[in-house]
Amino acid sequence: MRAFAQLFTALDETTKTNEKIAALTAYFASVPPADAAWAIHFLIGRRPKRLIETRKLVEWAVAEAEIPDWLFGESYQAVGDLAETISLLLPAPTTSSELPLHYWVEERLLPLKEWDDAKRRESLVTAWRAMNERQRFVWNKLITGGFRVGVSQSLVVRAMAAVSGVDAAVLAHRLMGDWMPSVEFYERILAKESADADVSRPYPFFLAYPIEGPIDALGDIHHWQAEWKWDGIRAQLIRRQWRTFLWSRGEELITERFPELEALGGLFPEGTAVDGEILPWKNGMPLPFAQMQRRIGRKVLGPKILADVPVSLLAYDLLEWGGEDVRERPLEWRRETLEQLVSATKSTGRIVLSEPVNTASWGDLTTLRREARARGVEGFMLKRKGSSYRVGRKRGDWWKWKIEPYSVDAVLIYAQPGNGRRASLFTDYTFGVWDGATLVPFAKAYSGLTDEEIRKVDAFIRRNTIEKFGPVRSVRPELVFELAFEGIQKSSRHRSGIAVRFPRMARWRTDKKPEDADTLETIRALIAGA
Amino acid sequence: MSALLQVNANGLYCAVGAFYIDPWRPVPRAIVTHAHSDHAHWGCAAYLCSTPCQSVLRSRVGSDSNIEPRPYGESFDINGVRISLHPAGHILGSAQIRVESRGEVWVVSGDYKLEPDSTCTPFEPVRCHTFVTESTFGLPIYRWGAPSETAADMNAWWKSNQQSGKASVLFAYSLGKAQRVLAAIDPAIGPIFGHGAVEKLNRIYRETGIALPETHYAGSAPAATDWSRALILAPPSAHGSTWIRRFGTVSTAFASGWMRIRGTRRRRSIDRGFVVSDHADWPGLITAIDATGAECVLVTHGYRAPLVRWLCEHGRNAKALETRYDGERDEGTESETPEPDSPDPDPIPQVPA
């Protein structure tokens, strides 16, 4: 645990990629494989579900710290992070521990699920007493399922590649899918040769950057394949050894949630992997994404919801064919083969080819892009002809060319403090628009301002608080912000009657007064146009 | 009967003695606890402070100011009010002000800390009936580690930067904190440079007889200076300024009590945070308050509400006192002091000046 906590601190204290990779490399080179396997597991963002109720954790920590509950509450407000608050409040450790990470995880963390409260409490308290603040913080983060650190999977992979000499793309692929951190696992992923045993394992997704600069800088349009960019759930549908696996981009196995697609996979030939987008799809048209959210939220999928919100796979690309990894083959070959697959299975009504959009010029494509909203898409994907299917987010061969977001001017009316890095600063805002003479809450936004702007808005909120409701403050309605968002539709769950998708602050409109903000009426008109 | 000291529009006022303690506006007569700008306002007609505070105060409020120094522990009268100054351990010359009239004793602590610090006289508890305390770090999450460990961390950071060819830029408040850091760090590691604001106070500290390691003014260093071996002390306002560019590749650190919280450090986008404060931590506040034996505790700037509530739950008569002091803050930038407590439920009534 000591080494892992030190690694966490090293990663937390730098923003420089090289230093992060150096810290990771030094860690992997020095710890036993059983620890390295767990470290990879946590570093790439996999974590056990919450193993213990927050309420109990706080109760035991408060007793150990010998402070009243309300003082814990005040402390938590100042820190903004539960795991950290606990680690700062506990008394100094009475012992220290040299036990390795895998011991703490396997013997002390995972069994929490099975133990009764008395055993849990005893185990946690003895753990706390043996750890310094830094270790406690990491430990509490693991227990609460909130462990995060500023490294991407690709940084972890680069460090593993440096330690093992195995190619980074191969490592990235081996890290996909379902695996349990163990010595065997660690040895297998770092092996020079590997007979890959995991039948379900997906390929790393190829992700696109937004287009930079003018579109015609991409050169001759005939070197590019354009497709509409859909807004659904990016997924891989895999058929291997007579079984079907559906993976989300978040590397979650979601086969059971989409029985239609599981059935579709059953028609694929053995050894097939398709990259696509899951969309709610009815009568040859996508349904609004909110319909999908209705369905995702359900534990049990009854016949009604399956009939109301059926899904299809919009097929983008072919990654495996006949059991062979075809990602290195040119785009045209993959596309042609994908077309064969789609036409052989499209009678199910569950698969749709993402058709190339052919125009003679960038100008024509730009014109067509104006229809994006009416078509229920986000813009275009542009793929270079002849390109291979690459790993992760890469510039050059794939670009996303999204339409401009919607934009609305709204007034800051409520604020509450953020978490973590933004704790004790007011960073989470609710914005209102005019409905007659009153401002109705319209959207919440957390992102888009610079640190400098956040500091100024924070200072404004402190000086202009009207009322406090727990952590939330109502604020004198004076500041106007331009909000950007991707989608808009009616909602019975929102007071304004409107729900927007991905709202964020595009600009602080210091040039506008609250009365210049938009009205509910003009925003309703956006729905009509959507 | 009105209280011996009351807050009015200008500051904490003693009507019987006709003087202010740490006023926030120019007044005829001010007794100053220490020379930080939120306690020592410019423009007063007459100042009184501790002897070691004198030079620092002069550098802050103007060289032609009328400043009367008094040694720690010596009693004197102002309009029949008995006054003495006692070390507060905060920075050079910082004093608690003991005020006595008709058998009633008040102590105004200004800012204070209990940790050892070779750059100032250690805090000395003074018995009183009413104790006016700060509460900058008035939550139990604020507990300072051993100064020797923090010093070792700073030394290790500096050495590791040298190995990777980076200059070490350490941000510290230029009055008090910078000198404390200087006195704690190992000068054998490499050359130490100071920002102009820091160097000016280093000089005053040395003139007052405080031993500090040798430092050089960064502004007059030759162009060929190898900064990668150096430690550079600068006020927090220099962070992100063009002044930093001259040092090439740097690692930045900030010495402050607020660095105890991960979010505060990350928000500042600095590489390292060292928990070094000139204010009492939570156990320090409680210890200091207990040692006064005070029946009544008035709590100023910081986490007032939690400290007041805690004291009341522990059998003390405690109240919040509305002042304009900032506590530990960043020089030249907006205060980072969180503002955790609600408007005072029971504010001290303000009397007209």
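Across the interface of chain B and chain A, 6 salt bridges are found. The model is a predicted one, and every value given here is computed from it. In general, side chains of opposite charge can pair when their charged atoms come close. Two of the pairs that link the chains are listed below.

| Residue of chain A | Residue of chain B | Closest N and O atoms |
|---|---|---|
| A:Glu133 | B:Arg260 | 2.7 Å |
| A:Asp12 | B:Arg265 | 2.9 Å |

The second pair joins two chains, because A:Asp12 belongs to helix H1 of chain A and B:Arg265 to helix H5 of chain B. Over all chains of the structure, the search finds 47 salt bridges.

**The interface**

Polar contacts also cross between the chains: 10 residue pairs of chain B and chain A are found in such contact, with both residues at pLDDT 80 or more. On the side of chain B that touches chain A, helix H5 and helix H7 (304-313) of chain B each supply at least two residues. The largest share of that side, 5 residues, comes from H5 of chain B. By class, the residues on this side of chain B are 15 charged, 10 nonpolar and 2 polar.

In terms of contact, 34 residues of chain A meet 27 residues of chain B. The size of an interface is often given as the accessible area lost when the parts come together. Between chain B and chain A, the buried area is about 2,800 Å², and carbon and sulfur atoms give 46% of this area.

**The largest pocket**

Which residues lie nearest the centre of the largest pocket? They are A:Thr9, A:Glu13, A:Arg134, B:Asp153 and B:Arg272, out of 48 residues that line the pocket.

**A tryptophan of chain A**

A:Trp115 is located in the loop between helix H7 (101-109) and helix H8 (117-129) of chain A. Apart from neighbours within four places in sequence, A:Trp115 is in contact with A:Glu107, A:Arg108, A:Arg120 and A:Ser123. The C-alpha atom of A:Trp115 is separated by 39 Å from that of A:Tyr446, a residue 331 residues away along the chain.

Technical notes
Residues are numbered from 1 along each chain as its sequence is written. Chains are lettered from A and ligands numbered from 1 in the order in which they are written. This is a predicted model: local features need pLDDT of at least 70, side-chain atom pairs count only at pLDDT 80 or more; totals for chains, interfaces and linings use all residues. Side-chain values use heavy atoms; hydrogens and water are left out. On a 1 Å grid over the protein atoms alone, a cavity is a set of points where a 1.4 Å probe fits but cannot get out, and a pocket is an open set with protein on both sides within 12 Å along at least five of seven lines; lining residues have an atom within 4 Å of a point. Contact means heavy atoms within 4.5 Å. Buried area is the accessible area (1.4 Å probe) that two parts lose on being put together, summed over both. A salt bridge is a side-chain nitrogen of Lys or Arg within 4 Å of a carboxyl oxygen of Asp or Glu. A polar contact is a pair of N or O atoms within 3.5 Å; within protein, one must be able to donate a hydrogen and the other to accept it, and residues adjacent in sequence count only if both atoms are side-chain atoms. Helices (H or I, at least four residues) and strands (E, at least two) are DSSP runs, numbered from the N terminus. Ala, Val, Leu, Ile, Met, Phe, Trp, Tyr, Cys and Pro count as nonpolar, Asp, Glu, Lys and Arg as charged, and the others, Gly among them, as polar.
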